[in-house]
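Open your viewer and get your selection tool ready. We will take a short walk through a few helices and loops.

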Amino acid sequence: MLTIIIPTRNEEQNIIPLTELICSSLQGQAFEILFVDDSNDGTPRVLEELSHKNPQIRFIHRHNQRGLATAVVEGFKAARGNILAVMDADLQHPPEILPHMLKSIREGNDLVIASRFVPGGDDGGLSPLRKLISLTARLIGRLALKKVRPVKDPVSGFFMLKRKVIDGVTLSPLGWKILMEILVRGRYHRTAEIPYIFERRRGNHSKMNITEQVNYLRHLVRLVLSSPEDLRFWKFCLVGTAGVMVNMFFFLLFNRLFSLDVVLSALLATSLAIFGNFMLNDFFTWTQQKEDHLLNRAIKFYLCSGAGMVINVAVLSALHCYLRIPAILANGAGILASTAWNYYANNRWTWAN
Ligand code: GDD
Ligand code: MN
């Protein structure tokens with residue numbers, strides 16, 4: 001059976017049209033609709049009446065509690081289905097695609113996301129400002145967390161999953177983006193994204209606000225801290241940044257104070273910075289038990305760094321000399337490319353288990 005969980009906060013006018021659309025879309029399927037309501041308007045009254053008339057519809061009304069993601073978690077706990085869906089109440093999420101999502105689950109996908117950003121999808125119902133905020137949020141999320149990276153619309157509030165994905169998993173989301181929590185902590189193998197068009201909101205206004213945007217960032221930090229492989233990458237970047245400062249410091253010391261030649265100062269400063277980075281990464285970034293000898297690890301790290309420098313210069317010159325991109329931007333791209341290489345190579349080789 002499918003349980004459709006719908007968080008509601010003051011959606012009085014939307015409940016009836018929404019349930020009618022869901023019921024006609026899912027004719028012939030076994031399903032229940034479970035509203036998790038935090039309203040202080042007439043919504044609970046509408047839900048009360050509706051659930052009396054239709055045994056397929058249930059609702060939970062929470063007092064003195066708010067929050068979209070926690071409402072969904074509460075819905076997961078009370079759901080009777082072995083397949084769970086989550087969607088909004090305001091008809092911005094079209095119930096017509098529920099059958100396609102269900103089919104995709106039955107074809108073997110564990111988690112199916114209704115997506116605005118795969119071909120055929122569209123986020124037309126958002127204002128230009130909200131579109132920009134949403135784009136930034138998606139970029140940061142996909143950059144910060146490896147498991148989120150393959151997903152085009154990880155902040156979607158419309159998705160379906162097999163219960164086993166979250167069974168036994170502790171979900172402690174902060175704010176709105178319950179899907180991010182599931183993507184990072186859930187147990188799934190196959191995912192799919194199904195396009196949909198995010199229409200304009202019906203009735204009332206969006207409850208998204210600056211507090212929820214800050215909550216999103218706090219939620220991301222919490223997810224990164226709880227995910228060792230993502231945390232390791234960010235520690236590596238932190239060490240790299242410290243390395244730049246160490247490099248600058250020694251360069252100035254040799255060049256200005258000891259009046260050494262520029263190239264010699266740079267060579268010495270770079271070698272020292274790489275050594276510092278190696279030690280820091282060995283203590284702080286890759287904290288596991290190591291089998292390889294310290295000296296071997298150091299040699300491997302130097303070799304990776306050397307290749308990284310070649311990559312940096314190659315990207316810089318290709319972009320600057322051939323594509324005429326300003327040197328500073330081209331160097332930025334070179335640094336990104338060599339950082340990615342250095343992390344990958346050191347993770348796979350220097351500190352491989
Ligand atoms: N129970 C409960 N408690 N529900 C809430 C609360 C709350 O505190 N706040 C909002 N909701 C409900 C709304 O009633 C609605 O059904 C749904 O959550 C989404 O709220 P909207 O105010 O319509 O948000 P939005 O349209 O700006 O954004 C939605 O769609 C985006 C695209 O999928 C959200 O689902 C976003 O997370 C999503 O990215
Ligand atoms: Mn909405």
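Keep in mind along the way that this is a predicted model.

**Stop one: helix α4.** Select residues 98-106, which form helix α4, and colour L98, M101, S104 and I105, the buried residues of this helix. Now look down the axis of α4: these buried residues fall within an arc of 120°, so they line one face of the helix. What do they pack against? Show α1 (15-25), β4 (83-86), β5 (111-115), β6 (159-162) and β7 (191-195), and you have the partners of that buried side. Turn to the face of α4 pointing away from the buried side, and you will find the exposed residues K103 and R106. After α4 comes G108, with a positive phi near 120°.

**Stop two: a pair of helices.** Next, select α10 (residues 294-322) and α11 (residues 327-350). Their axes come within 8 Å and cross at roughly 150°. An angle over 145 degrees counts as roughly antiparallel, and α10 and α11 are therefore roughly antiparallel to each other. The crossing of α10 and α11 is right-handed. Sorted by class, their contact has 17 nonpolar, 10 polar and two charged residues.

**Stop three: two loop residues.** Most residues other than glycine have a negative phi. Select N64, in the loop between β3 (57-61) and α3 (68-78): its phi is positive, about 50°, although N64 is not a glycine. N64 is exposed, with 5 other C-beta atoms within 10 Å.

Finish at S259, in the loop between α8 (228-257) and α9 (262-285). S259 is not a glycine, yet has a positive phi of about 50°. Is S259 buried or exposed? With 8 C-beta neighbours inside 10 Å, S259 counts as exposed.

Technical notes
Residues are numbered from 1 along each chain as its sequence is written. Chains are lettered from A and ligands numbered from 1 in the order in which they are written. This is a predicted model: local features need pLDDT of at least 70, side-chain atom pairs count only at pLDDT 80 or more; totals for chains, interfaces and linings use all residues. A residue is buried if 20 or more other C-beta atoms lie within 10 Å of its own, exposed if 12 or fewer, and partly exposed in between; C-beta atoms are placed from the backbone. Helices (H or I, at least four residues) and strands (E, at least two) are DSSP runs, numbered from the N terminus. The arc is that of the directions from the helix axis to the C-beta atoms. Two residues are in contact if their C-beta atoms, placed from the backbone, lie within 7 Å. Axes are lines fitted to C-alpha atoms, for helices over the stretch in contact, and angles run from 0 to 180 degrees between N-to-C directions. Angles under 35 degrees count as roughly parallel, over 145 as roughly antiparallel, 65 to 115 as roughly perpendicular and the rest as oblique. A crossing is left-handed if the near helix is turned anticlockwise from the far one by less than a right angle, and right-handed if clockwise. Ala, Val, Leu, Ile, Met, Phe, Trp, Tyr, Cys and Pro count as nonpolar, Asp, Glu, Lys and Arg as charged, and the others, Gly among them, as polar.
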